[in-house]
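Subject: Structure for your review

Dear colleague,

Please find below the structure that I am passing on to you.

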Amino acid sequence: MLATLRTAAISAAVGAFLCTSGAAFAQKKYDTGATDTEIKIGHIVPYSGPASAYGVIGKTEEAYFRMINENGGINGRKIKFISYDDAYSPPKAVEQVRRLVESDEALLVFNALGTPSNTAIQKYLNAKKVPQLFVATGATKWNDPKHFPWTIGWQPSYQSEGRIYAKFLLKEKPDAKVAVLYQNDDFGKDYLKGLKDGLEGKASMIIAEASYEVSEPTIDSHVVKLKASGANVLISITTPKFAAQTIKKAAEIDWKALQIVANVSASVGSVLKPAGFENAQGLLSAAYAKDASDPQWQSDPGMQKFFAFLDKYYPEGDRLNSSVVYGYGAAQTLAKILEMCGDDLTRANIMKQAANLKDFTPDTLLPGVKINTSATDFAPIEQLQMMRFSGEKWDLFGEVINGELSH
Amino acid sequence: MSAAAEDTVTEAPAVEAVPKRAMTLGTGTSLVILAALLVTPVFVKNFVVFQMTMVMIYGIAVLALNILTGGSGQFSLGQSAFYALGAYTSAVLMENFNVNYALTLPIAGLVSFGAGYLFGKPALRLSGIYLALATFALAVAMPQLLKLHFLEQWTGGVQGLTVMKPDAPFGLPIGQDKWLYYFTLVIALAIYIGSVNLLRSRSGRAFMSIRDNEIAASAMGVDVAQYKTLAFGVSAAITGIAGGLSAIVVAFVAPDSYTINLAIALFLGMVVGGVGWLPGSFVGAAFIIFVPNIAESISKGLSGAVFGVLLFLVIFLVPHGARQVAIVAQQMLGNLRKN
């Protein structure tokens, strides 16, 4: 009797165990690149070639996932971060991404850098239904879930930023006479479009436009021409070298216009210092991430985590380099998505979770800037905050502004 | 070892007709390689098939440079410009004018031929390093020309153009990659055979006499100006076809794909494969595709330096590239047979 009871108890226990483990098995779902112990992440970035300065993004992300693995991985799975060099060449990007997907069998392709390289691989990845997560470019076209449901951006688009400056002008300086200097490529044109969209019916505020080619040695003549138009606001949609030239030239010819410089050229070290701090006083720009060189963030808990990470896992990383801050934030967003996926590591679920971020705030973003995505919104970061340069640093002011059209 | 190889190199043009052996592989070897190329795609992953296709495409472009430099003795660092021209011709025709992809290739070849022939005219006044510099200018200018504003409605400007990748015709049950592989193989084969025959023809001999001694060549009645520009035109045409193929296979063209780096890579492929030895072009192409990957796997941060060391080793150990290796292998094989 006792024996039968014990058998019954044991069989009941075994049965219960089988049931639960069966349920657990049922929940675990994998696509190529994910197992019980490992998740393979594919990544390309230019470690060599004309844009090799961005290679530090890859190194930061590699270090970030090393940190995650040392702390036990994500839901018990280690991250295998496979990063290749595309040398900023689209054909090479196609080759490397195919290698990641077909040979290394990565689960997804993360944070590929540059508009040309991403355009080259977008059709392929969407046809293969492999997530192209958090592309590292500010072009607006990545937010197109209808046509490219496997591609999602990360940073604010150039158009969003353009719209934010438009909003600022409409509110603070509605009678402004605006001159625009822009780089004649996708970057400059995207910005200009955002600016004009943001001004809505009042695009006539822009009284002068000038564009320059990246190959021009100096853009002094454009600045002189724009001054002659009588504008009192200059919007400088320029890359670092030209931004510094513009700031300097405007000061030289004593043009006292209110100057707004694009976020890509808001670096204190590589733009404002060479242009001369005395020439840059009162300059405006917008930001979405914290500046690691700014003393006001030294005691910020998020940035302290970032500094601790750098000290331990990437000591050779330059904390003043905004690419390091960038890589950290992007890697943290991916880690969050993988966490949300739980045991359902299918490619479809990854896209579903990537489009399901609610008020997520990586450590390095400005307070108030939150990542929100939905099935129809594939633009994770859309907010920026205005800032004004005074002394030797940027002062944030006003509230965080959303660059979406509908707001 | 290298003295023997050098003898063969200098000897070849000196004999009356160019022996086939000096430019090509033996019939047996060629057939074995062809058979291997036909069969391999069945057994390997699509990604490898894609890489092999790219090797053939770059191989065609290197071969074109080989005709120009190895054949007529003119330097060019501007091959990337003709490659870009071909790629854009194909891409624009396919995307904006709905031309069948196979038909775009001869047009790409013709357009590039025209450009090469026209460029060859003024380049006549230049030789050696000066010609290299002039072509270098062409390569540097090309990406910017492609970004020009008034061309943007066709070229897509900086953004480039995405091209539809063609499926296999007649409902053949093979994937896009394999189909494009065989498509490229047929074209590569046709160009290879055509080039070998060109170099062995009257025109080829004229090219080589110009290479060896321009004054002597003109004394013998070779129209130096005509043949020099012709060499430029033919080389550009073949490069253009390679470019067109690359646009179809990669399914994307952008100005940044065709920078001076590409021109230098092609030049490098020619030297590694052996200047003037046509089969070496494909070995050189494999070198410029695979060796950067090997270098990267050795060290990510120093991939450029590692690549440099590997390249240096090749130039130092086998200065005549793949051609030298092939000759040594042939001699060893011959010795084995005798014994």
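This is a predicted model: local features need pLDDT of at least 70, side-chain atom pairs count only at pLDDT 80 or more; totals for chains, interfaces and linings use all residues.

Chain B as a whole

Chain B contains 16 helices and two strands. Its radius of gyration is 20 Å, close to the 20 Å that the globule rule gives for 339 residues, so chain B is as compact as a globular protein of that length. The C-alpha trace of chain B spans about 60 × 50 × 45 Å along its principal axes. Of the 339 residues in chain B, 48% are buried. Among contacts in chain B with a separation of 6 or more, 78% are between residues 24 or more positions apart.

Annotated segments of chain B

An unreviewed UniProt entry annotates several stretches of chain B as "transmembrane region", including residues 22-43, 99-119 and 230-254. In the model, residues 99-119 of chain B are 90% helix and 0% strand, with end C-alpha atoms 27 Å apart. Residues 230-254 of chain B are 84% helix and 8% strand, and there the end C-alpha atoms are 29 Å apart.

Helix H3 of chain B

Helix H3 of chain B comprises residues 27-43; at 1.5 Å a residue its 17 residues should span 24 Å, which agrees with the 25 Å between its end C-alpha atoms. H3(B) is hardly covered, with one buried residue among its 17.

The contact between chains A and B

Chain A and chain B each bring 22 residues to the contact. On the side of chain A that touches chain B, the elements giving two or more residues are strand E3 (78-85), helix H3 (90-103) and helix H4 (115-128) of chain A. H3(A) gives the most, with eight residues.

Asp86 of chain A

Asp86(A) lies in the loop between E3 and H3 of chain A. Is Asp86(A) buried or exposed? Asp86(A) has 28 C-beta neighbours inside 10 Å and therefore counts as buried. Leaving aside neighbours within four places in sequence, Asp86(A) is in contact with Ile44(A), Pro46(A), Lys92(A), Ala93(A), Gln96(A) and Ser117(A). The C-alpha atoms of Asp86(A) and Gly49(A) are separated by 8.6 Å, although these residues are 37 residues apart along the chain.

Yours sincerely

Conventions. Residues are numbered from 1 along each chain as its sequence is written. Chains are lettered from A and ligands numbered from 1 in the order in which they are written. Helices (H or I, at least four residues) and strands (E, at least two) are DSSP runs, numbered from the N terminus. The expected span of a helix is 1.5 Å times one less than its number of residues. A residue is buried if 20 or more other C-beta atoms lie within 10 Å of its own, exposed if 12 or fewer, and partly exposed in between; C-beta atoms are placed from the backbone. Two residues are in contact if their C-beta atoms, placed from the backbone, lie within 7 Å. UniProt positions are given in the numbering used here, feature names are shortened, and annotations may be inferred rather than shown by experiment. The radius of gyration is taken over C-alpha atoms; the globule rule is 2.2 Å times the number of residues to the power 0.38.
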